[in-house]
Amino acid sequence: MLLAIDVGNTHTVLGLFEGDEVIEHWRIATDARRTADEIAVVLQGLLGQSPLLKGADVNGIALCSTVPSVLNEMREMCRRYYGDVTAVIVEPGIRTGVPVRMDNPKEVGSDRIVNALAAIQLYGGPCIIVDFGTATSFDAVSAKGEYIGAVTAPGIEISVDALAAAGAQLHKVELIRPRSVIAKNTVEALQSGIIYGFAGQVDGIVERMAAELADDPDDVTVVATGSAAPLVVSEARSIDVHEPWLTLIGLRLIYHRNTA
């Protein structure tokens, strides 16, 4: 079985593949203070508690991280606790098959390249990937499978935190769809502004990106992923596909590309 690990700024998502299928998955907080030993304890606890994994072995690890300090500890964890398992870490020198057409390719987060590969393999190009994470990231991929550019906006959770911190009479609310767009109380007013505001942002940015990406914007497939995607997908007109495991799928593809 292949263990795919996507370390983001806020959350770390882990998925276990049997063939092409994600058969088990977990989401934990990303903690830059955790040591390699602590990460191993958490990982082994997750693997050990799953009834699907009794007697099964992890025979491969695919990993990407946007947090350098966590990446160092993850690398040490793989070396110490899974030294007999082939580990592929997405970093310079790893074959991804995705040409990066940016002014400085080293600035592009590894997770964004992983997402681009998965989207091209699953849906073809041109495409736009909208990743609802700590930031809301919009990635443009050409018909040839090239990563050609991006847009980055504040994410939903940090926007909510900032609003609650700055407003004396505002507070964090449960992020669910309100009864109506025009709210009758403060809680629903916040919910409406967050959900419909971000849906409008997505539609506006995607429309402009698609116009630059293809002669016919309707040829562009828009793929949503990320932990906050379910909040917005049903309200954004521009989203074509919701793939929650896009990064994990990309990691599986990169693992096989580099170990075949």
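Glu-76 and Arg-79 are separated by about one helical turn, because they sit 3 residues apart in helix α2 (residues 68-81). Their side chains meet in a salt bridge, at 2.6 Å from N to O. Such a bridge is a side-chain nitrogen of Lys or Arg within 4 Å of a carboxyl oxygen of Asp or Glu. Searching the whole structure gives 10 salt bridges.

A word on the background: this is a predicted model, in which local features need pLDDT of at least 70 and side-chain atom pairs count only at pLDDT 80 or more, while totals for chains, interfaces and linings use all residues. Residues are numbered from 1 along each chain as its sequence is written, and side-chain values use heavy atoms, with hydrogens and water left out.

Now to the sheet. Helices (H or I, at least four residues) and strands (E, at least two) are DSSP runs, numbered from the N terminus. An open sheet is formed by 5 strands in the order β3-β2-β1-β4-β5, with mixed pairing; two strands pair if DSSP finds at least two bridges between them. At the edges lie β3 (21-29) and β5 (86-89), each pairing on one side only. From one strand to the next, the twist averages 15°. Strands β1 (residues 2-7) and β2 (residues 11-18) run antiparallel and are joined by 6 bridges. Leu-2, for example, has Phe-17 in β2 as its bridge partner.

Helix α7 (residues 246-259) lies across β1, β2, β4 (60-65) and β5, running at about 125° to β1. Axes here are lines fitted to C-alpha atoms, for helices over the stretch in contact (heavy atoms within 4.5 Å), and angles run from 0 to 180 degrees between N-to-C directions.

The chain is divided into domain 1 (2-89) and domain 2 (110-244), with bounds from an automatic or database domain assignment. How do the two meet?

| Between domain 1 and domain 2 | Value |
|---|---|
| Separation of centres, over C-alpha atoms | 27 Å |
| Buried area | about 500 Å² |
| Salt bridges | 0 salt bridges |

Buried area is the accessible area (1.4 Å probe) that two parts lose on being put together, summed over both. Thr-10, Cys-64 and Thr-66 supply 54% of the area that domain 1 buries against domain 2.

Finally, the peptide bond from Gly-125 to Pro-126 is cis, with omega near 0°. Pro-126 is found in the loop between α3 (110-123) and β6 (127-132).
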